[in-house]
Structures are given as structure tokens and as C-alpha cells.
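User: Hello! I am new to this structure and would like to learn how to read it. Could you walk me through a few features?

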Amino acid sequence: DLSPANSISFFPGDMGELQVERHVAYILTVEKRKDDFESVVMEHLRLNGAYWGLTTLDILGKLDAVDKDEVISWVMQCQHESGGFGGNIGHDPHMLYTLSAIQVLALFGKLHVLDIDKVSSYIAGLQNEDGSFSGDMWGEVDTRFSYIAICSLALLRQLDKIDVGKAVKYIVSCKNVDGGFGCTPGAESHAGQIFCCVGALAITGSLHHVDKDLLGWWLCERQVKSGGLNGRPEKLPDVCYSWWVLSSLIMIDRVHWIDKEKLAKFILDCQDKEKGGISDRPDDAVDVFHTYFGVAGLSLLEYPGLKPIDPAYALPVSVVNKVILGK
Ligand SMILES: CN(C(=O)[C@H](Cc1cnc[nH]1)NC(=O)OCc1ccccc1)[C@@H](Cc1ccccc1)C(=O)N[C@@H](Cc1ccc(O)cc1)C(=O)NO
Ligand SMILES: [Zn+2]
């Protein structure tokens, strides 16, 4: 039972407790609702929403609260004949949703339902001559898609389907003088893009290309006095950067450069303690996206009672061990 009463008060003082049961209830209702504002707005990225909601449930130890077979059959209906996945049934395939599909199937230990060759060929087919990746057939290039390709193929154990050397070379070409990374060569450093580039380099064993002190400095500067993290200098803190910045700091072994207790307090202050869910900053509307990145951030901060999450694969460590190490 993960209720707060049973968790050792890892964080001293007035740390508002994580409302585990309320967040579980919130996610289960969002999964069920179809036609309210949030569901309609997120309609085109419903497969991302499934990944955010289900991974949160697993970190909270409540993945068995959903009907596994119902979820898996819905996910498989989102697959396009090309092998890629769309954001919902009948939608065009894109890298963004293909990773979410693979991550959801991995959560349930069901990667074997996939035609591994078909999915990995779809992804490999999106690598360009310069080693970069496009998001879909329309060609938009962005380091987000390099991360998605490398994370997906590593989970499917098909990294040999792409030119990893050229993929790494392209990512390094997006490194800026501030130690950060942008979406393309010369583009401004942004925490989200930094997560994608550092995650891809970590998975391919290429973190030696990162200047850890320089990037660690840029990342720890994201912490503002409220304890929250922002995505770029002068911006407001936002719970989802608790993932983009924190997971990057952990991957480059500089997480001790921020105040972890103050960050945990910021995340806990963003909970809706009555209705459940977590928002981007205190007193804003909650959504599944920020609920996931808040709970995942607390997992990275080793909040008691939460399953550990892998900072590079953005999946519970237990899932990564089974899939990658075949344990
Ligand atoms: C598309 N998207 C975003 O652009 C969010 C919007 C946001 C949330 N809080 C502040 N802004 N931004 C975001 O995910 O930025 C992180 C990021 C930027 C670039 C690369 C990778 C991560 C969110 C969805 C969203 C939209 C609007 C409000 C809340 C959530 C999203 O799907 N993000 C993706 C990553 C992503 C990011 C940007 C994209 O254009 C597309 C996808 C994700 O986290 N997958 O797990
Ligand atoms: Zn956010």
C-alpha cells in the first residue's frame, strides 16, 4: 500500500505528501473520458497520453488497475500499414507516436505482439544521409526524432538497423558553445532538446561527447528560487522540466548541483490535492502530461514508495532491465 502513512518521511518538514490514490483516480477517469476539453485537445496525441498515464500508474505501482488486453488492442489499432504508429486510430504515422506505442507495449511486457522488422524498418527508413532523422514522410528534421529513433530501436534491440555512428555525429553537430543542444545545428539550447540529445548519447554509450561541467552548469542554472526548474534562462519554472532537466543532470552525473528537496517540494505543491493530478506550476489546471512528468521527477528524486524510472529510456528500471537485458 503506497499511501503516505506507510512511506518513510524521506523529506523532512512541511513536505506536502504525494496524493497517490487521488492521482491514480485522476488518470483512470481521464483514460475513460472521451469528449471533454482535455480529451478533445489531446485527441491527436492520445497515444502519447496513454504512455504518460500508464507509465505514471506503473511508477505508483497501480498498472494492474487497467485492462491490459483492452489497452494493447487499442494501441495496435493505431499502427499504420507503413509500420509506424499514429496518435490515434486512423491517424497518419509519426515517430512521436511510434515510440509511445513501443513504450506502452514494453510496460506490459508485450513487445512480442509487434512485427519487430516492420516497425524498425519504418524508423530506420527515416534516417537521412547526414545521420539525422525526420519525424515522418514530410521530412521535418529535429534532434527529438534522433532520440525517438535510438530509444525505440534500443528497446526493440534493432540498433543495427541504422547508422549509429552518423546519428551520433549529427547530434554532436547540434552542440552549442553553452554546452547545451538545440533541435538542429546552430539552434538555441532548450532543456527538452538537451534531454533528447543526452538521452540518445547515453543509450549509444557516447556521453564522452558531452562537456559535463559546462552542460551541468547550464542545467543547474535552471533552478529558480521556488525550487522549480525552467526550460531556458529567464523562463518560469514548470513541472515538466523536472523531467527534461533533472534526467539530463542524472545522466551526466551532476544532479548534486541542484537542491533536490526544494525541487520535490515544488512538484508536490503543484498537485491538486482534492481532484488529483499535477499542473505545470502551483494553482494551474492539471493535465496527464504534467502528472506524468511530476511523478517521474519524484521517482528520479527517489521519493519513497515510487518505482525507480530510467532517465534515458523514460520507463521503469524494472521494464528496461527485462527488455534490454532480457532478465
Ligand atoms: C507537444 N508538447 C509540447 O510541446 C509541450 C508543451 C509544454 C508543456 N509544458 C510546457 N510546454 N512541450 C514539451 O514537451 O517540451 C519539451 C520538449 C521540447 C522539445 C523536445 C523535447 C521535449 C507536449 C504535449 C503538450 C502540449 C501542450 C501542453 C502540454 C503538453 C508533448 O507531447 N511533448 C512530447 C515531446 C514533444 C515536444 C515538442 C513537440 O513539438 C512534440 C513532442 C513528449 O513529452 N512526449 O512524451
Ligand atoms: Zn510543462
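Analyst: Gladly. Let us start with contact, which means heavy atoms within 4.5 Å. This is a predicted model, where local features need pLDDT of at least 70, side-chain atom pairs count only at pLDDT 80 or more, and totals for chains, interfaces and linings use all residues. Residues are numbered from 1 along each chain as its sequence is written, chains are lettered from A and ligands numbered from 1 in the order in which they are written, and side-chain values use heavy atoms, with hydrogens and water left out.

User: Which residues is H94 in contact with, leaving aside its neighbours within four places in sequence?

Analyst: With those neighbours set aside, H94 touches F85, Y122, G135, D136 and F145. H94 lies in the loop between α4 (68-77) and α5 (95-107); helices (H or I, at least four residues) and strands (E, at least two) are DSSP runs, numbered from the N terminus.

User: Why does H94 count as buried?

Analyst: Buried means under 20% relative accessible area, exposed over 50%, and partly exposed in between (1.4 Å probe, protein chains only). H94 has 13% relative accessibility, so it counts as buried.

User: How many residues of helix α9 are buried?

Analyst: In α9, 12 of its 13 residues are buried, among them F195, V198 and L201. Their cover includes α7, α8, α10 and α11.

User: What span does α9 reach?

Analyst: The expected span of a helix is 1.5 Å times one less than its number of residues. Helix α9 (residues 191-203) reaches 18 Å from its first C-alpha to its last, close to the 18 Å expected.

User: What should I know about phi?

Analyst: Most residues other than glycine have a negative phi. E234 is not a glycine, yet has a positive phi of about 75°. E234 sits in the loop between α10 (212-220) and α11 (241-251).

User: Is E234 buried or exposed?

Analyst: E234 counts as exposed, because its relative accessibility is 80%.
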